[in-house]
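Hello,

Here is the structure I promised to send. Please open it first, then read my notes below.

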Amino acid sequence: MSTKNFDVIVIGGGPGGYIAAIRAAQLGFNVACIDEWKNDKGGPAPGGTCTNVGCIPSKALLQSSEHYEHAGKHFAAHGIGLSNLSIDVTKMLGRKNTVIKQNNEGILYLLKKNDVAFFHGRGAFVKAVGEGGQGGYEVQVSGSSEALLTGKNVIVATGSNARTLAGAPFDEGNILSNDGALRLPAVPKTLGLIGSGVIGLEMGSVWRRLGAQVTVLEALPTFLGAVDEQIAKEAHKAFTRQGLKIELGVKVGDITNGADGVSVAYTTAKGEAKTLAVEKLIVSIGRVPNTTGLNAEAVGLALDERGAIVVDDECRSNLPGIWAVGDVVRGPMLAHKAEEEGVAVAERIAGQHGHVNFNTIPWVIYTSPEIAWVGQTEQQLKAAGREYKAGSFPFLANGRARALGDTTGMVKMLADAKTDEILGVHIVGPMASELIAEAVVAMEFKASSEDLARICHAHPSLSEATKEAALAVDKRTLNF
Ligand code: FAD
Ligand code: NAI
């Protein structure tokens, strides 16, 4: 087998990998991207977890289920009458699969457009070429494509897998990871979730809206511990009102997977022994970095105790010319974080100053209400002893929110007590996922709350709530 030589080999075609490959190609490098994900026909399906079993399919189902909930519960207030409302789960899943396929095809097109050589298969390190990898690295591709590649630089972007709960292996029939949770063939009457993190809340919302009775068991005593407390409280109230049953501070015990469903023994925060019997159980207790089959040991690539590739702040591994980005390294497991790291690494390989600002990475939970934030929470500022001012504005007082019929929640802004620099923005409410972008831009430009308060915002728009929250920092809201 002849060896193909590249300037940059990217292993993994998720948001970290395929974006790194495109950016490297834009910078003039000869680039290969290897990805092993298969579609249902065995063909290539680049885009990784995000496209195939993560961001994209979950948002497709959140959209479908939200339409269903609106039709059943909220259309009447608009004078729209409906009878015989029903949900065709097969069709809904079919639509989701089409959305996934469009994204897979879009990524293949983009790779081609940018002259990235795509290899469908698993990439594994073979050996370093020359003393200390000075001549690059050999990578074997096995699968639909079989090839031996050599790259001066290798970017590893192999992503993550769902964490398994001891004693409850995923069978994707009754005990589901994010994968099975996104393709349940029918709405279960009862659904249990272990972990009230991001997946728990998003997937719990999908199936609750479609009629499942959903119970979430969470080990921690606080709800959404990483979220600003005031925002988390507001969200908890809204989810509970919607019928999501969330039990905090539980200790999950034995889990039995039988013909009738799954039974979960657990101890409540008060020490009571209970059992939750459900048709289906989603286990969403976090994700673990994936280096399966990478043969990292062949070149001496260092992993930490969680299995993540050890990298410095700039995504350099312990080996010259080997970089790693996205879920397989430290930091938040988010698609946009993976993409930013991918771009920055490609630019660093080109001798440029690629940079990722970890302080302004936004988080979004796509529930209804949506939750979005950037920067520091009030509890973090208190713990750091930083003096700050806080201002918030409820959507209840926002004209556009009233017109939409969705007035849950608020925008909250935190700014430095002396300099007025914005330190954090926290939103729970309609379209928080879109509203947070303004706050990210403001924080990137080191804006003060006064800067935002003085900027003209379109009326009527939800973004006026952000302006009003900025005014609230100076205790001078106009509409509340
Ligand atoms: P991945 O997307 O996991 O891609 C890694 C790719 O590498 C995969 O295609 C894999 O098959 C391939 N691969 C692995 N090993 C090899 C190998 N040896 N050879 C060849 N190929 C290999 N994040 C958000 O920002 N917003 C969201 O709304 C969001 N929603 C999510 C919903 C769910 C249900 C889940 C599970 C995750 C969600 N995430 C979301 C997280 C997001 O999916 C990840 O952070 C993101 O996909 C990480 O990108 P990555 O490129 O590092 O890895
Ligand atoms: P998560 O880390 O968000 O939440 C896991 C939850 O499970 C935590 O609250 C944790 O305390 C709890 N937990 C852990 N062990 C437990 C146990 N034994 N019993 C009960 N509870 C337990 O992880 P999740 O939801 O699996 O999602 C993984 C990652 O995927 C997220 O952290 C995020 O990075 C990414 N993601 C992002 C989304 C977005 O950006 N909208 C959507 C979905 C996932």
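**The nonpolar cores**

The largest nonpolar core has 35 residues, and those that touch the most other members are Leu201, Trp207, Phe223, Leu224, Phe239 and Ile371. A second, separate core has 29 residues, including Ala401, Val411, Ile422 and Val425. Keep in mind that this is a predicted model.

Take Ile371 as an example. Which residues is Ile371 in contact with, leaving aside its neighbours within four places in sequence? They are Leu224, Val227, Ile231, Ala235, Phe239, Trp363, Val364, Ile365, Ile427, Val428 and Ala432. In soluble globular proteins, nonpolar side chains tend to be buried together.

**Ligand 1**

Now the ligands. Ligand 1 is surrounded by 38 residues. The closest are Asp35, Thr49, Lys59, Gly123 and Asp327. By class, this shell has 18 polar, 14 nonpolar and six charged residues.

Which element gives the most to the shell around ligand 1? Helix 2 does, with four residues. Other elements that supply at least two residues each include helix 1 (15–26), strand 2 (31–35), strand 4 (122–128) and helix 8 (335–349).

Look at the backbone too. A backbone N or O atom of Ala335 lies 2.9 Å from an oxygen atom of ligand 1. For Pro15, the distance from a backbone N or O atom to a ligand 1 oxygen is 3.3 Å. For Cys50, it is 3.3 Å as well. On its own, ligand 1 has 1,000 Å² of accessible area, and the protein covers 94% of that.

**Ligand 2**

How many residues surround ligand 2? There are 23, and the closest are Glu202, Glu218, Gly286, Met333 and Val364. By class, 14 are nonpolar, five polar and four charged.

Helix 6 (198–209) and strand 18 (363–365) each supply at least two residues of this shell. Helix 6 gives the most, with four.

Polar backbone atoms come up here as well. One in Met333 is 2.6 Å from an oxygen atom of ligand 2. One in Val364 is 2.7 Å from a nitrogen atom of ligand 2. One in Val198 is 3.1 Å from an oxygen atom of ligand 2. The protein covers 78% of the 830 Å² of accessible area that ligand 2 has on its own.

Best wishes

Conventions: Residues are numbered from 1 along each chain as its sequence is written. Chains are lettered from A and ligands numbered from 1 in the order in which they are written. This is a predicted model: local features need pLDDT of at least 70, side-chain atom pairs count only at pLDDT 80 or more; totals for chains, interfaces and linings use all residues. Side-chain values use heavy atoms; hydrogens and water are left out. A residue is near a molecule or strand if one of its heavy atoms lies within 4 Å of it. A polar contact is a pair of N or O atoms within 3.5 Å; within protein, one must be able to donate a hydrogen and the other to accept it, and residues adjacent in sequence count only if both atoms are side-chain atoms. Accessible areas come from the Shrake-Rupley method with a 1.4 Å probe; for residues, only the protein chains shown count as cover. Ala, Val, Leu, Ile, Met, Phe, Trp, Tyr, Cys and Pro count as nonpolar, Asp, Glu, Lys and Arg as charged, and the others, Gly among them, as polar. A nonpolar core is a set of buried Ala, Val, Leu, Ile, Met, Phe, Trp, Tyr and Cys residues joined through side-chain atoms within 4.5 Å. Buried means under 20% relative accessible area, exposed over 50%, partly exposed in between (1.4 Å probe, protein chains only). Contact means heavy atoms within 4.5 Å.
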